[in-house]
Structures are given as structure tokens and as C-alpha cells.
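Below are a few notes to read alongside the model, taken point by point.

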Amino acid sequence: MTVTTTPAAPDVAANLAAVLERIIRAADGSGRRPEDVTLVAVTKTHPADHIVPALAASHRVFGENRVQEAERKWPALKAAYPGTALHLIGPLQTNKVREAVALFDVLETLDRPKLAEALAREMDRAGRRPGCFVEVNTGEETQKHGVSPAEADRFIAHCRGILALPVIGLMCIPPLDDEPALHFALLAKIAARNGLTELSMGMSADFEIAIAFGATHVRVGSAIFGARPASVTG
Ligand SMILES: *Cc1c(COP(=O)(O)O)cnc(C)c1O
């Protein structure tokens, strides 16, 4: 595998251990079992040599937000560290569906009928069925992806029904300037009424709150791998 050297490498192993410890404490504090919370370590923008320490420390669940970037980094890492599960946490274009179904183990951003139909076709063709989270735009922000809370029940039923997609849960990204707890509670409510058990919510700044509201997957990047370049968003 290609190893690039970048200055000021963060202490990934120590940061990872600290985040895992905080997850255990947050789960304990809300009467939940720590093993029911999966840490999705978000590696977008970070080079392979910053990811290897997390793999070497036996972490196996990671998130990337772009298909092309993931295709550059992850095939070699997945081959070197068997059992690695890669989650897509960024928007998926229909013209990248084939690559996404081939590389990712979980797709967290199922957010519109056209994508759902393309995924159903590709999963049938490829014979590979990564679990899907429906992304809900809990803040109803026009610039954000995700189905609106009002459309969620119908979209989930469409995906699970006629398209037979393996929908396992819901995902949200709350508005930056809002109280995240309101959004986590709303996502949990929509999941419960649809009989979905998995909730992907909470990032570096708020994953402990998300755990208190029932998160089964927290997506944590900067707390483990350090800050990303300011020009790279979402
Ligand atoms: C980048 C990203 C994260 C991780 O954010 P941090 O604040 O670095 O923990 C989580 N979820 C999504 C969808 C992201 O794009």
C-alpha cells in the first residue's frame, strides 16, 4: 500500500481509545449497553497512514463521504485488514451506484426514490446487498440531503416494500446551529414507528447526546483523526 507522509500526524490510537471510552461512559450513563453503540470512524480527507493506526488497534468500522476518495484508499486497506466494514456517509450520485455497492458495506445516505430504484437494480445485478440507512433531513434545510420527516414513512415503506431494499435504520445530520437533541429525538421517533432499530446520529461534537437518545451508530471524525482542511466540507 502507498504510504504518504504528512506533518503533524495526530495520535490516532490514543484519540480512538479516548472516544471509545467516552462511548462506554455515555452508554452507561443512559442505561444502555456499550456494545449496542458502533463507532463509525470517519476518515474522509485523511491519508491511509493516518488510518492504519486505527486498524492496527483493531478498529474495523469506518466512514467515507465520497465514493471516488474511498476507491483510492480502501481496497488496499480492506485487503490488509479483513473484517473491515466501510460506511458511505456522504451523498450518492446515481452514476456512482455501481462502485458504491461494490465497495461499501453500509450505505447511510438513501435519500430519494431515483437513488432507491438505482440501488435496487444494482443490488440485484451484483448480488451484493449493503445495508441501507434512510437519511432524514430532520431540520428541513433546503440545502441538505435527506427525505423530510413528513415524507419519511412513505419513502421507507416504498424502499422496503416494492424495491425490497435492505433498509436497517435511519440517519440524520442536524443543522449546525440547532439543539441536536431535538433532531435525535425526532429521528428516534420516526425509526420506532417504522420498526427500524438502527440510528446513525451524533458526530465529534455531540455523539454523547446522540447515545442518550438511542444512537446505535455514531460517526466520529475529527475527535479521532484531527481537524480536516478548512476548504473541505461535509
Ligand atoms: C464528516 C462527517 C462526520 C464526522 O464529523 P466530525 O465532526 O469530524 O466528527 C459525520 N457525519 C457525516 C455525514 C460527515 O460528513
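1. In which element of the protein is confidence lowest, and in which is it highest? The lowest is helix α2 (residues 48–56), with a mean of 97, and the highest is strand β7 (residues 198–200), at 99. Here pLDDT is the predictor's confidence in each residue, from 0 to 100. Helices (H or I, at least four residues) and strands (E, at least two) are DSSP runs, numbered from the N terminus.

2. Some ground rules: this is a predicted model, local features need pLDDT of at least 70, side-chain atom pairs count only at pLDDT 80 or more, and totals for chains, interfaces and linings use all residues. Residues are numbered from 1 along each chain as its sequence is written, and side-chain values use heavy atoms, with hydrogens and water left out. The average pLDDT of the protein is 95, and 94% of the residues score at least 70. Where pLDDT is low, the predicted coordinates should not be read in detail.

3. Have a look at helix α1 (residues 12–29) beside α2: their axes come within 8 Å and cross at roughly 50°. Axes are lines fitted to C-alpha atoms, for helices over the stretch in contact, and angles run from 0 to 180 degrees between N-to-C directions. α1 and α2 are therefore oblique to each other (under 35 degrees counts as roughly parallel, over 145 as roughly antiparallel, 65 to 115 as roughly perpendicular, and the rest as oblique). Val-12, Ala-13 and Leu-16 of α1 make the contact with His-50, Pro-53 and Ala-54 of α2 (contact means heavy atoms within 4.5 Å). By class, that contact of α1 with α2 has five nonpolar, one polar and no charged residues (Ala, Val, Leu, Ile, Met, Phe, Trp, Tyr, Cys and Pro count as nonpolar, Asp, Glu, Lys and Arg as charged, and the others, Gly among them, as polar).

4. Next, helix α6 (residues 149–160) and helix α7 (residues 180–193) have axes that come within 10 Å and cross at roughly 30°. That makes α6 roughly parallel to α7. Pro-149, Ala-152, Asp-153 and Ile-156 in α6 meet Leu-186, Ile-190 and Arg-193 in α7. The residues of this contact of α6 with α7 are five nonpolar, no polar and two charged.

5. Not counting residues up to four places away in sequence, Thr-38 touches Val-61, Thr-216, His-217 and Val-218.
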